[in-house]
Amino acid sequence: MKKEKLTALERSWILYDVGNSAFTLLCSTLLPIYFNALATAGGLSEDLYLSYWSYAGSIATALVAIIGPVCGAFADQRGFKKPIFLLCLALGAIGCAALGAAWSWLVFLVIFVIAKVGYSSSLVFYDSMLSEVTEEKKMDKISSMGYAYGYIGSVIPFVLCLALVLGYEMVGISQTTALIIAFVITAVWWIGCSVPLIRRYRQTAFVERQAHPLRQAFGELGKTLKHAKENPNILFYLLAFFFFINGVYTIIDMATAYGTALGLDTTGLLLALLLTQVVAFPFAILFGRLAAKVSAGKLMKICILSYAAIILFAVFLVAQWQFWLLAVLVGMFQGGIQALSRSYMARIIPAERSGAYFGLMDICGKGASFLGMLLVGVVNQALAGVTLNVFGIELQNANIAVSVLLILMVAGYALFCKADKLNQK
(Lines give C-alpha, C1' and ligand atoms only; values in the text may rest on other atoms or scores of the structure.)
Protein backbone atom coordinates (compact mmCIF):
# COMPACT_ATOMS: atom_id res chain seq x y z
CA MET A 1 0.00 0.00 0.00
CA LYS A 2 1.38 3.41 -1.02
CA LYS A 3 2.20 5.68 1.87
CA GLU A 4 -0.06 8.74 1.89
CA LYS A 5 1.87 12.01 1.88
CA LEU A 6 1.05 14.90 4.16
CA THR A 7 -0.51 17.98 2.62
CA ALA A 8 1.19 21.38 2.94
CA LEU A 9 -1.52 22.47 5.41
CA GLU A 10 -1.05 19.35 7.54
CA ARG A 11 2.71 19.96 7.64
CA SER A 12 2.16 23.60 8.58
CA TRP A 13 -0.21 22.60 11.39
CA ILE A 14 2.33 20.10 12.73
CA LEU A 15 5.07 22.73 12.54
CA TYR A 16 3.21 25.00 14.96
CA ASP A 17 3.51 22.22 17.55
CA VAL A 18 7.26 22.30 16.93
CA GLY A 19 7.25 26.02 17.70
CA ASN A 20 5.05 26.19 20.78
CA SER A 21 6.63 23.05 22.28
CA ALA A 22 9.86 25.01 22.69
CA PHE A 23 8.03 27.27 25.15
CA THR A 24 6.59 24.23 26.96
CA LEU A 25 10.09 22.79 27.36
CA LEU A 26 11.41 26.16 28.54
CA CYS A 27 8.65 26.35 31.17
CA SER A 28 9.48 22.93 32.56
CA THR A 29 13.27 23.38 32.58
CA LEU A 30 15.00 26.78 32.56
CA LEU A 31 12.20 29.03 33.83
CA PRO A 32 11.94 27.38 37.28
CA ILE A 33 15.73 27.68 37.65
CA TYR A 34 15.68 31.37 36.72
CA PHE A 35 12.77 31.95 39.09
CA ASN A 36 14.61 30.12 41.85
CA ALA A 37 17.60 32.46 41.39
CA LEU A 38 15.36 35.54 41.54
CA ALA A 39 13.47 34.14 44.53
CA THR A 40 16.69 33.40 46.43
CA ALA A 41 18.02 36.88 45.69
CA GLY A 42 14.71 38.34 46.86
CA GLY A 43 14.84 36.48 50.18
CA LEU A 44 12.09 33.94 49.42
CA SER A 45 12.57 30.76 51.46
CA GLU A 46 13.17 27.45 49.71
CA ASP A 47 10.06 25.97 51.35
CA LEU A 48 7.90 28.59 49.59
CA TYR A 49 9.65 28.39 46.22
CA LEU A 50 7.68 25.38 44.91
CA SER A 51 4.41 26.73 46.31
CA TYR A 52 4.74 30.17 44.68
CA TRP A 53 5.68 28.60 41.35
CA SER A 54 2.61 26.36 41.65
CA TYR A 55 0.36 29.34 42.44
CA ALA A 56 1.58 31.25 39.36
CA GLY A 57 0.80 28.26 37.15
CA SER A 58 -2.60 27.95 38.80
CA ILE A 59 -3.45 31.61 38.15
CA ALA A 60 -2.46 31.30 34.46
CA THR A 61 -4.55 28.18 33.95
CA ALA A 62 -7.52 29.71 35.78
CA LEU A 63 -7.45 32.77 33.52
CA VAL A 64 -7.37 30.62 30.38
CA ALA A 65 -10.18 28.48 31.74
CA ILE A 66 -12.29 31.64 32.09
CA ILE A 67 -11.57 33.26 28.73
CA GLY A 68 -11.00 30.14 26.60
CA PRO A 69 -14.60 29.04 25.97
CA VAL A 70 -15.80 32.57 25.14
CA CYS A 71 -12.88 33.16 22.77
CA GLY A 72 -13.47 29.72 21.28
CA ALA A 73 -17.13 30.45 20.62
CA PHE A 74 -16.14 33.85 19.21
CA ALA A 75 -13.59 32.21 16.90
CA ASP A 76 -16.20 29.78 15.53
CA GLN A 77 -17.76 32.74 13.70
CA ARG A 78 -16.65 33.29 10.11
CA GLY A 79 -13.26 35.02 9.82
CA PHE A 80 -12.47 35.27 13.54
CA LYS A 81 -10.45 32.14 14.38
CA LYS A 82 -7.21 33.14 12.66
CA PRO A 83 -7.02 36.76 14.00
CA ILE A 84 -7.67 35.67 17.60
CA PHE A 85 -5.12 32.87 17.22
CA LEU A 86 -2.57 35.47 16.04
CA LEU A 87 -3.34 37.73 19.01
CA CYS A 88 -2.78 34.90 21.50
CA LEU A 89 0.41 33.82 19.72
CA ALA A 90 1.79 37.38 19.90
CA LEU A 91 0.92 37.68 23.60
CA GLY A 92 2.69 34.41 24.39
CA ALA A 93 5.80 34.95 22.28
CA ILE A 94 6.35 38.58 23.31
CA GLY A 95 5.78 37.61 26.94
CA CYS A 96 8.35 34.83 26.57
CA ALA A 97 10.96 37.25 25.21
CA ALA A 98 10.14 39.78 27.96
CA LEU A 99 10.77 37.34 30.84
CA GLY A 100 14.41 38.41 30.98
CA ALA A 101 13.36 41.98 31.75
CA ALA A 102 11.99 40.97 35.18
CA TRP A 103 13.93 42.60 38.03
CA SER A 104 12.27 40.65 40.85
CA TRP A 105 10.65 37.26 41.38
CA LEU A 106 7.18 38.82 41.64
CA VAL A 107 7.50 40.75 38.34
CA PHE A 108 8.84 37.57 36.72
CA LEU A 109 5.76 35.62 37.85
CA VAL A 110 3.44 38.32 36.47
CA ILE A 111 5.13 38.23 33.04
CA PHE A 112 5.16 34.43 33.16
CA VAL A 113 1.40 34.35 33.81
CA ILE A 114 0.78 36.68 30.82
CA ALA A 115 3.00 34.58 28.51
CA LYS A 116 1.41 31.34 29.70
CA VAL A 117 -2.09 32.72 29.11
CA GLY A 118 -1.14 33.68 25.54
CA TYR A 119 0.45 30.29 24.90
CA SER A 120 -2.41 28.26 26.36
CA SER A 121 -5.09 30.34 24.62
CA SER A 122 -3.39 29.89 21.24
CA LEU A 123 -3.68 26.12 21.73
CA VAL A 124 -7.48 26.36 22.05
CA PHE A 125 -7.68 27.65 18.47
CA TYR A 126 -4.81 25.51 17.21
CA ASP A 127 -6.43 22.31 18.48
CA SER A 128 -9.79 23.33 17.02
CA MET A 129 -8.15 23.61 13.57
CA LEU A 130 -7.47 19.85 13.49
CA SER A 131 -10.81 18.95 11.92
CA GLU A 132 -10.23 21.61 9.23
CA VAL A 133 -6.64 20.78 8.26
CA THR A 134 -7.13 17.03 7.78
CA GLU A 135 -9.78 14.35 7.25
CA GLU A 136 -11.33 12.27 10.02
CA LYS A 137 -9.47 9.03 9.22
CA LYS A 138 -6.11 10.82 9.61
CA MET A 139 -6.87 12.74 12.82
CA ASP A 140 -5.09 10.33 15.19
CA LYS A 141 -2.06 10.23 12.91
CA ILE A 142 -1.79 14.01 12.38
CA SER A 143 -2.44 14.79 16.05
CA SER A 144 0.23 12.30 17.11
CA MET A 145 2.70 13.67 14.58
CA GLY A 146 2.10 17.16 15.93
CA TYR A 147 3.12 16.13 19.43
CA ALA A 148 5.92 13.85 18.17
CA TYR A 149 7.64 16.45 16.02
CA GLY A 150 6.90 19.05 18.67
CA TYR A 151 8.92 17.04 21.18
CA ILE A 152 11.90 16.40 18.92
CA GLY A 153 11.79 19.80 17.21
CA SER A 154 11.75 21.73 20.47
CA VAL A 155 15.05 20.06 21.35
CA ILE A 156 16.83 22.16 18.70
CA PRO A 157 16.42 25.59 20.37
CA PHE A 158 16.62 23.97 23.81
CA VAL A 159 20.04 22.45 23.15
CA LEU A 160 21.27 25.85 22.00
CA CYS A 161 19.79 27.52 25.08
CA LEU A 162 21.18 24.81 27.37
CA ALA A 163 24.65 25.18 25.84
CA LEU A 164 24.51 28.91 26.55
CA VAL A 165 23.30 28.45 30.13
CA LEU A 166 25.83 25.75 31.00
CA GLY A 167 28.75 27.22 29.03
CA TYR A 168 28.17 30.92 29.65
CA GLU A 169 31.74 31.45 30.89
CA MET A 170 33.18 30.18 27.60
CA VAL A 171 31.03 32.68 25.71
CA GLY A 172 32.09 35.46 28.07
CA ILE A 173 28.68 36.34 29.51
CA SER A 174 26.95 35.86 32.86
CA GLN A 175 24.53 33.00 33.42
CA THR A 176 21.71 35.52 33.87
CA THR A 177 22.48 37.01 30.45
CA ALA A 178 22.59 33.51 28.97
CA LEU A 179 19.11 32.79 30.36
CA ILE A 180 17.77 36.07 28.97
CA ILE A 181 19.13 35.18 25.52
CA ALA A 182 17.52 31.74 25.87
CA PHE A 183 14.11 33.38 26.39
CA VAL A 184 14.53 35.42 23.19
CA ILE A 185 15.74 32.40 21.17
CA THR A 186 12.66 30.44 22.24
CA ALA A 187 10.31 33.28 21.30
CA VAL A 188 11.90 33.71 17.84
CA TRP A 189 11.75 29.94 17.21
CA TRP A 190 8.09 29.87 18.23
CA ILE A 191 7.14 32.72 15.88
CA GLY A 192 9.23 31.34 13.00
CA CYS A 193 7.55 27.93 13.16
CA SER A 194 4.12 29.62 13.18
CA VAL A 195 4.53 31.46 9.85
CA PRO A 196 3.56 28.55 7.49
CA LEU A 197 0.31 27.88 9.38
CA ILE A 198 -0.54 31.58 9.46
CA ARG A 199 -0.02 31.78 5.70
CA ARG A 200 -1.91 28.61 4.71
CA TYR A 201 -4.78 28.22 7.18
CA ARG A 202 -8.25 29.30 6.10
CA GLN A 203 -11.28 28.78 8.31
CA THR A 204 -13.63 26.35 6.56
CA ALA A 205 -15.95 25.29 9.41
CA PHE A 206 -17.86 28.15 11.02
CA VAL A 207 -21.18 29.69 11.96
CA GLU A 208 -22.21 32.83 10.11
CA ARG A 209 -21.32 36.12 11.78
CA GLN A 210 -24.20 38.28 12.98
CA ALA A 211 -24.52 41.99 13.82
CA HIS A 212 -23.34 41.62 17.41
CA PRO A 213 -20.45 39.09 17.38
CA LEU A 214 -19.71 39.23 21.12
CA ARG A 215 -23.34 38.65 22.03
CA GLN A 216 -23.43 35.91 19.40
CA ALA A 217 -20.33 34.30 20.95
CA PHE A 218 -22.06 33.95 24.31
CA GLY A 219 -25.14 32.62 22.52
CA GLU A 220 -23.10 30.03 20.62
CA LEU A 221 -21.36 29.03 23.85
CA GLY A 222 -24.78 28.50 25.42
CA LYS A 223 -25.84 26.35 22.46
CA THR A 224 -22.64 24.33 22.75
CA LEU A 225 -23.23 23.75 26.48
CA LYS A 226 -26.78 22.64 25.68
CA HIS A 227 -25.45 20.34 22.96
CA ALA A 228 -22.96 18.81 25.41
CA LYS A 229 -25.70 18.29 27.98
CA GLU A 230 -27.81 16.49 25.37
CA ASN A 231 -24.85 14.29 24.38
CA PRO A 232 -23.65 12.45 27.52
CA ASN A 233 -20.79 10.82 25.61
CA ILE A 234 -19.20 14.27 25.16
CA LEU A 235 -20.09 15.40 28.67
CA PHE A 236 -18.54 12.35 30.34
CA TYR A 237 -15.46 12.67 28.16
CA LEU A 238 -14.95 16.29 29.21
CA LEU A 239 -15.32 15.31 32.87
CA ALA A 240 -12.89 12.43 32.42
CA PHE A 241 -10.41 14.71 30.65
CA PHE A 242 -10.66 17.17 33.55
CA PHE A 243 -9.40 14.54 35.95
CA PHE A 244 -6.87 12.44 34.03
CA ILE A 245 -5.10 15.26 32.19
CA ASN A 246 -4.32 16.91 35.52
CA GLY A 247 -1.62 14.34 36.20
CA VAL A 248 -0.10 14.89 32.76
CA TYR A 249 -0.04 18.71 32.92
CA THR A 250 1.09 18.89 36.53
CA ILE A 251 3.98 16.48 36.00
CA ILE A 252 5.05 18.37 32.84
CA ASP A 253 4.78 21.84 34.38
CA MET A 254 6.39 21.01 37.72
CA ALA A 255 9.05 18.42 36.89
CA THR A 256 12.07 20.71 37.31
CA ALA A 257 10.54 22.60 40.23
CA TYR A 258 9.79 19.28 41.93
CA GLY A 259 13.31 17.96 41.40
CA THR A 260 14.80 21.25 42.59
CA ALA A 261 12.64 21.16 45.73
CA LEU A 262 14.02 17.68 46.45
CA GLY A 263 17.56 19.04 46.17
CA LEU A 264 18.52 17.15 43.00
CA ASP A 265 21.32 18.34 40.71
CA THR A 266 20.07 21.04 38.33
CA THR A 267 22.15 20.00 35.31
CA GLY A 268 21.00 16.41 35.73
CA LEU A 269 17.36 17.55 35.82
CA LEU A 270 17.73 19.49 32.58
CA LEU A 271 19.44 16.64 30.76
CA ALA A 272 16.83 14.16 32.02
CA LEU A 273 14.01 16.33 30.67
CA LEU A 274 15.85 16.60 27.37
CA LEU A 275 15.78 12.79 27.33
CA THR A 276 12.00 12.96 27.85
CA GLN A 277 11.63 14.88 24.59
CA VAL A 278 13.77 12.39 22.68
CA VAL A 279 11.88 9.37 24.06
CA ALA A 280 8.50 11.04 23.47
CA PHE A 281 9.12 11.43 19.73
CA PRO A 282 9.03 7.75 18.66
CA PHE A 283 6.37 6.81 21.22
CA ALA A 284 3.99 9.57 20.06
CA ILE A 285 4.41 8.29 16.48
CA LEU A 286 3.88 4.73 17.72
CA PHE A 287 0.58 5.58 19.44
CA GLY A 288 -0.59 7.36 16.29
CA ARG A 289 0.06 4.22 14.24
CA LEU A 290 -1.44 1.92 16.86
CA ALA A 291 -4.65 3.98 16.74
CA ALA A 292 -5.17 2.71 13.18
CA LYS A 293 -5.21 -0.89 14.47
CA VAL A 294 -6.42 -0.59 18.08
CA SER A 295 -9.26 1.65 19.20
CA ALA A 296 -8.19 5.05 20.53
CA GLY A 297 -10.30 4.34 23.63
CA LYS A 298 -8.27 1.27 24.59
CA LEU A 299 -4.99 3.11 24.00
CA MET A 300 -6.13 6.01 26.15
CA LYS A 301 -7.05 3.65 29.01
CA ILE A 302 -3.54 2.20 28.84
CA CYS A 303 -2.03 5.69 28.92
CA ILE A 304 -4.16 6.84 31.86
CA LEU A 305 -3.29 3.79 33.97
CA SER A 306 0.37 4.14 33.04
CA TYR A 307 0.40 7.77 34.10
CA ALA A 308 -1.18 6.83 37.43
CA ALA A 309 1.71 4.41 37.94
CA ILE A 310 4.19 7.14 36.97
CA ILE A 311 2.74 9.48 39.60
CA LEU A 312 2.99 6.74 42.22
CA PHE A 313 6.63 6.26 41.27
CA ALA A 314 7.21 10.03 41.55
CA VAL A 315 5.92 9.98 45.12
CA PHE A 316 8.83 7.76 46.14
CA LEU A 317 11.41 9.68 44.10
CA VAL A 318 14.43 10.56 46.26
CA ALA A 319 17.48 10.06 44.01
CA GLN A 320 18.83 11.46 40.75
CA TRP A 321 18.74 8.12 38.90
CA GLN A 322 15.03 7.80 39.74
CA PHE A 323 14.38 11.18 38.13
CA TRP A 324 16.08 9.90 34.95
CA LEU A 325 13.83 6.83 34.98
CA LEU A 326 10.82 9.07 35.58
CA ALA A 327 11.84 11.15 32.56
CA VAL A 328 11.89 8.04 30.34
CA LEU A 329 8.51 6.81 31.61
CA VAL A 330 6.88 10.21 31.08
CA GLY A 331 8.30 10.36 27.57
CA MET A 332 6.78 6.98 26.72
CA PHE A 333 3.19 7.99 27.49
CA GLN A 334 3.09 11.80 27.45
CA GLY A 335 2.73 12.21 23.69
CA GLY A 336 0.29 9.35 23.33
CA ILE A 337 -2.20 10.57 25.91
CA GLN A 338 -2.07 14.19 24.70
CA ALA A 339 -2.38 13.37 21.00
CA LEU A 340 -5.15 10.80 21.43
CA SER A 341 -7.08 13.11 23.77
CA ARG A 342 -7.08 15.82 21.10
CA SER A 343 -8.08 13.58 18.17
CA TYR A 344 -10.65 11.69 20.28
CA MET A 345 -12.35 15.01 21.07
CA ALA A 346 -12.21 16.23 17.46
CA ARG A 347 -13.91 13.02 16.33
CA ILE A 348 -16.94 13.20 18.66
CA ILE A 349 -17.84 16.90 18.22
CA PRO A 350 -19.38 18.85 15.29
CA ALA A 351 -16.62 20.65 13.30
CA GLU A 352 -18.50 23.97 13.15
CA ARG A 353 -18.46 24.13 16.97
CA SER A 354 -14.84 23.01 17.34
CA GLY A 355 -13.67 26.36 18.76
CA ALA A 356 -16.29 26.42 21.52
CA TYR A 357 -15.82 22.73 22.31
CA PHE A 358 -12.05 22.96 22.47
CA GLY A 359 -12.54 26.02 24.65
CA LEU A 360 -14.61 23.85 27.00
CA MET A 361 -11.97 21.14 26.75
CA ASP A 362 -9.38 23.72 27.70
CA ILE A 363 -11.47 24.64 30.76
CA CYS A 364 -11.32 20.99 31.77
CA GLY A 365 -7.62 20.71 31.01
CA LYS A 366 -6.62 23.97 32.62
CA GLY A 367 -9.06 23.38 35.47
CA ALA A 368 -7.37 20.07 36.14
CA SER A 369 -3.93 21.66 35.92
CA PHE A 370 -5.12 24.47 38.20
CA LEU A 371 -6.49 22.01 40.72
CA GLY A 372 -3.46 19.72 40.51
CA MET A 373 -0.89 22.50 40.88
CA LEU A 374 -2.94 24.22 43.59
CA LEU A 375 -3.30 21.00 45.60
CA VAL A 376 0.42 20.27 45.30
CA GLY A 377 1.28 23.83 46.29
CA VAL A 378 -1.06 23.93 49.29
CA VAL A 379 -0.08 20.50 50.63
CA ASN A 380 3.61 21.24 50.08
CA GLN A 381 3.34 24.52 52.00
CA ALA A 382 1.19 23.04 54.76
CA LEU A 383 3.68 20.22 55.33
CA ALA A 384 6.83 22.38 55.07
CA GLY A 385 9.62 20.66 57.03
CA VAL A 386 7.58 17.47 57.53
CA THR A 387 9.07 14.08 56.59
CA LEU A 388 7.40 10.69 56.47
CA ASN A 389 9.03 7.26 56.51
CA VAL A 390 7.28 4.82 54.15
CA PHE A 391 8.75 1.37 53.45
CA GLY A 392 12.07 2.63 54.75
CA ILE A 393 12.07 5.61 52.35
CA GLU A 394 12.11 9.07 53.91
CA LEU A 395 9.63 11.21 52.00
CA GLN A 396 9.83 15.00 52.11
CA ASN A 397 6.84 17.34 52.02
CA ALA A 398 7.19 17.66 48.22
CA ASN A 399 6.90 13.86 47.83
CA ILE A 400 3.77 13.74 49.97
CA ALA A 401 2.22 16.67 48.06
CA VAL A 402 2.52 14.88 44.69
CA SER A 403 0.55 11.88 46.01
CA VAL A 404 -2.74 13.87 45.91
CA LEU A 405 -2.68 13.61 42.11
CA LEU A 406 -3.39 9.88 42.27
CA ILE A 407 -6.94 10.44 43.49
CA LEU A 408 -7.79 12.62 40.51
CA MET A 409 -6.14 10.18 38.09
CA VAL A 410 -8.26 7.25 39.29
CA ALA A 411 -11.42 9.34 38.97
CA GLY A 412 -10.44 10.26 35.41
CA TYR A 413 -10.01 6.62 34.44
CA ALA A 414 -13.44 5.65 35.79
CA LEU A 415 -15.17 8.51 33.97
CA PHE A 416 -13.35 7.82 30.71
CA CYS A 417 -14.47 4.19 30.78
CA LYS A 418 -18.05 5.46 30.99
CA ALA A 419 -17.53 7.96 28.15
CA ASP A 420 -15.85 5.43 25.87
CA LYS A 421 -18.69 2.95 26.44
CA LEU A 422 -21.22 5.61 25.38
CA ASN A 423 -19.16 6.49 22.29
CA GLN A 424 -19.16 2.86 21.15
CA LYS A 425 -22.96 2.73 21.02
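Which residues in H1 meet which residues in H5? On the H1 side they are Trp-13, Ile-14, Tyr-16, Asp-17, Asn-20, Phe-23, Thr-24 and Cys-27, and on the H5 side Phe-112, Ala-115, Lys-116, Tyr-119, Ser-122, Leu-123 and Tyr-126. Keep in mind that you're looking at a predicted model.

**H1 against H5**

- Helix H1 covers residues 8-28 and helix H5 covers residues 105-128.
- Their axes come within 12 Å and cross at roughly 155 degrees.
- Angles over 145 degrees count as roughly antiparallel, and H1 and H5 are therefore described that way.
- As for handedness, H1 passes H5 in a left-handed crossing.
- Sorted by class, the residues in this contact come out as 10 nonpolar, three polar and two charged.

**H7 against H12**

- The next pair is helix H7, residues 139-166, and helix H12, residues 266-290.
- These two pack with their axes 8 Å apart, at an angle of about 160 degrees.
- H7 and H12 are therefore roughly antiparallel to each other too.
- Their crossing is left-handed.
- In the contact of H7 with H12 you'll find 19 nonpolar residues, five polar ones and one charged.

**Salt bridges**

- Side chains of opposite charge can pair when their charged atoms come close.
- How many salt bridges does the structure hold? The count is six, and here are some of them.
- Glu-132 and Lys-81 join through their side chains, with 2.8 Å from N to O.
- That pair ties together distant parts of the chain, 51 residues apart: Glu-132 sits in helix H6 (residues 130-133) and Lys-81 in helix H4 (residues 81-98).
- Both Glu-132 and Lys-81 are buried.
- Arg-342 and Asp-127 make another salt bridge, at 3.0 Å from N to O.
- Here the partners are 215 residues apart, with Arg-342 in helix H14 (residues 320-348) and Asp-127 in helix H5.
- Are these two buried or exposed? Residues under 20% relative accessible area count as buried, so Arg-342 at 3% is buried, and Asp-127 at 15% is buried as well.
- Asp-127 and Arg-342 also belong to a network of salt bridges that takes in Asp-17, a residue on the H1 side of the H1 and H5 contact.
- Then there's Asp-420 with Lys-301, whose closest N and O atoms are 3.6 Å apart.
- Asp-420 counts as buried, at 4% relative accessibility, while Lys-301 is partly exposed, at 22%.

**A closer look at Thr-186**

- Thr-186 lies in helix H9, which spans residues 175-200.
- With a relative accessibility of 2%, Thr-186 counts as buried.
- What is Thr-186 in contact with, leaving aside its neighbours within four places in sequence? The list is Ala-22, Phe-23, Leu-26, Cys-96 and Cys-161.
- Phe-23 is a name you've already seen, as one of the H1 residues that meet H5.

Conventions
Residues are numbered from 1 along each chain as its sequence is written. This is a predicted model: local features need pLDDT of at least 70, side-chain atom pairs count only at pLDDT 80 or more; totals for chains, interfaces and linings use all residues. Side-chain values use heavy atoms; hydrogens and water are left out. Axes are lines fitted to C-alpha atoms, for helices over the stretch in contact, and angles run from 0 to 180 degrees between N-to-C directions. Helices (H or I, at least four residues) and strands (E, at least two) are DSSP runs, numbered from the N terminus. Angles under 35 degrees count as roughly parallel, over 145 as roughly antiparallel, 65 to 115 as roughly perpendicular and the rest as oblique. A crossing is left-handed if the near helix is turned anticlockwise from the far one by less than a right angle, and right-handed if clockwise. Contact means heavy atoms within 4.5 Å. Ala, Val, Leu, Ile, Met, Phe, Trp, Tyr, Cys and Pro count as nonpolar, Asp, Glu, Lys and Arg as charged, and the others, Gly among them, as polar. A salt bridge is a side-chain nitrogen of Lys or Arg within 4 Å of a carboxyl oxygen of Asp or Glu. Buried means under 20% relative accessible area, exposed over 50%, partly exposed in between (1.4 Å probe, protein chains only).
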